[in-house]
Amino acid sequence: VMLPLKEKDKPLVQKLLSSGCCPRCVLRFQNNSSFINKSQSDADAEQEADEAPPPKRFKPEETELMREEESPVCPVCLGVLQEHCDQTLASKVAEAIKTENYEFDSLVLSVSLPAQLCVREHSCWLHVKTEVRAKSLVLGKDDVIQVKEAFKWNMQSLVSKTLGGAAVVSKSAFEVGVEFVHPDTDKDCHFLATTCSDCFKPTKNKESVFTRMAVVKALEKISDTNFLKHYPCPPPRHSSSCVSRDVQCLHTSVFIAGRYNKFCRSLPQTPWLINGERRMESSVEELIAGPILETFRATGFNFSSSGREDVDVRTLGNGRPFAMELINPHKPKFNRDQIKKIQQEINDSSDKIRVRDLQIVSREAMGRMKEGEEEKTKSYRALVWTEKPIEKEDISFLNDIKELTLDQKTPLRVLHRRALAVRPRVIHSMSSEYRDTHHFYLELKTQAGTYIKEFVHGDFGRTKPNMCQLLQTETDILELDVESVDVDWPPPIPE
């Protein structure tokens with residue numbers, strides 16, 4: 001590769017080349033971005049130029065300078081800028097996207113480099129520091145163009161061309177990641193653990209404490225003298241280049257929300273497993289998620305809702321708000337009509353549930369469902385049994401009860417998943433509808449999070465006051481329906 005050389009650059013370039021640096025690393029250390037977007041065709045053009053006589057402004061010895069025999073692998077970028085900024089890798093990236101069949105408007109190329117490149121960069125910087133200072137060539141280490149940036153500059157246009165002109169940008173919901181490793185030099189970082197132990201803390205999901213961030217932090221703290229005691233300068237040469245791992249594609253999550261009704265008294269909200277065994281064949285979550293996952297081609301999901309109903313409770317009225325995070329959707333974009341079609345598909349698939357107001361929402365909007373959860377109100381209708389016979393007059397006083405505060409100790413049936421506590425809850429109003437001598441309907445408007453079943457049967461006195469105390473007889477709940485969940489989200493969509 002031929003590079004325009006100025007007289008004042010010569011000592012620096014000479015020093016970098018004699019250390020075995022590749023031309024792109026030489027340019028990085030000069031803060032010279034003239035290697036941007038040199039694709040294979042540019043390299044071919046350079047090859048031809050190399051065979052032509054040198055331009056007049058070059059002196060013969062300058063051309064020769066750049067043609068010194070390089071070591072096979074650059075000791076600073078370990079071959080990343082030397083051997084991997086090419087069509088082979090661009091084709092590998094394009095192949096990964098096509099194989100996984102992603103649909104996207106633009107993509108961002110991310111690159112993960114071995115942490116030891118930071119150590120090698122630091123060593124090379126110390127090696128040329130005196131030349132740089134003497135010639136005021138670059139202001140400081142921060143002005144050296146990063147390997148990551150140089151790699152991206154070179155690869156973005158190649159990847160774009162290979163994908164038929166797709167937009168490769170600096171910010172996108174679709175990320176394509178290239179990871180390089182160089183196991184032979186992993187130990188390059190290890191001396192930092194002794195010189196700067198507080199920078200390296202074990203973390204749960206990282207296989208090594210020598211993360212790029214930790215190494216950068218340690219290099220900021222270490223003195224030049226101390227560094228030079230532990231690590232050679234310039235960095236040692238190596239015979240093998242970095243290896244690129246499988247290309248990873250990831251689209252950021254898409255969020256979808258709506259409201260559901262549940263008309264069945266034998267359907268749990270989420271899959272019901274006991275000791276790994278299924279209790280019921282389906283769940284609200286699965287009936288809703290199935291068609292959505294398939295259409296968005298997502299690899300997974302998280303389901304949440306505004307409260308939950310028991311397996312034997314129906315949710316009627318306007319339905320219960322729910323939201324789903326779709327993880328890594330391969331087809332992320334849909335218009336209103338297409339979403340309506342998914343909603344129809346869910347509703348046609350089962351008569352146990354119905355979905356309305358299905359829509360794509362932002363991550364921020366998801367929080368609205370849980371906002372002020374306990375201030376929200378919910379309305380219920382319960383069928384109550386009484387042990388002693390009753391007349392209509394015996395229950396009419398219930399209609400006058402307003403703002404009744406209950407103390408509810410965590411119900412026995414949920415103690416296995418909820419902390420033991422006494423929670424105050426308010427019943428805003430109630431009304432009764434007489435049915436026969438042992439049955440009546442009870443309508444309640446309550447603070448969200450009130451345990452209705454426990455209010456009716458008392459839960460062995462764990463809820464106070466309760467219906468048994470109010471009517472002075474044993475009472476139990478036979479059926480329960482949620483009539484409304486008063487959360488004004490997501491916004492209604494006209495049918």
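Let me begin with Ser 283, which touches Leu 267, Pro 268, Gln 269, Thr 270 and Pro 271, leaving aside residues up to four places away in sequence, where contact means heavy atoms within 4.5 Å. This is a predicted model, in which local features need pLDDT of at least 70 and side-chain atom pairs count only at pLDDT 80 or more, while totals for chains, interfaces and linings use all residues. Residues are numbered from 1 along each chain as its sequence is written, and side-chain values use heavy atoms, with hydrogens and water left out.

Ser 283 lies in the loop between β8 (277–278) and α12 (284–296), helices (H or I, at least four residues) and strands (E, at least two) being DSSP runs numbered from the N terminus. Ser 283 counts as buried because its relative accessibility is 0%; buried means under 20% relative accessible area, exposed over 50%, and partly exposed in between, with a 1.4 Å probe and protein chains only.

Next comes helix α8, residues 147–162, which has 16 residues and reaches 22 Å from its first C-alpha to its last, close to the 22 Å expected at 1.5 Å a residue, the expected span being 1.5 Å times one less than the number of residues. Where does α8 bend? The bend, of about 30°, is at Met 155, and is the angle between axes fitted to the seven residues ending there and the seven starting there. Met 155 is also among the buried residues of α8, which include Phe 151, Leu 158 and Val 159. Just after α8, Gly 164 takes a positive phi of about 75°.

Asn 101, in the loop between α6 (87–99) and β1 (106–112), has phi near 55°, and Asn 101 counts as partly exposed because its relative accessibility is 44%. Arg 297, in the loop between α12 and β9 (300–305), has phi near 50°, and with a relative accessible area of 27% Arg 297 is partly exposed.

Turning to cis peptide bonds, one runs from Cys 233 to Pro 234, with omega near 0°, and Pro 234 is in the loop between α11 (224–230) and β4 (243–244). Another cis bond runs from Trp 489 to Pro 490, with omega near -5°, and Pro 490 is in the segment after β17 (475–485).

I will finish with Phe 460, in the loop between α16 (452–457) and β16 (463–464), which counts as exposed because its relative accessibility is 79%.
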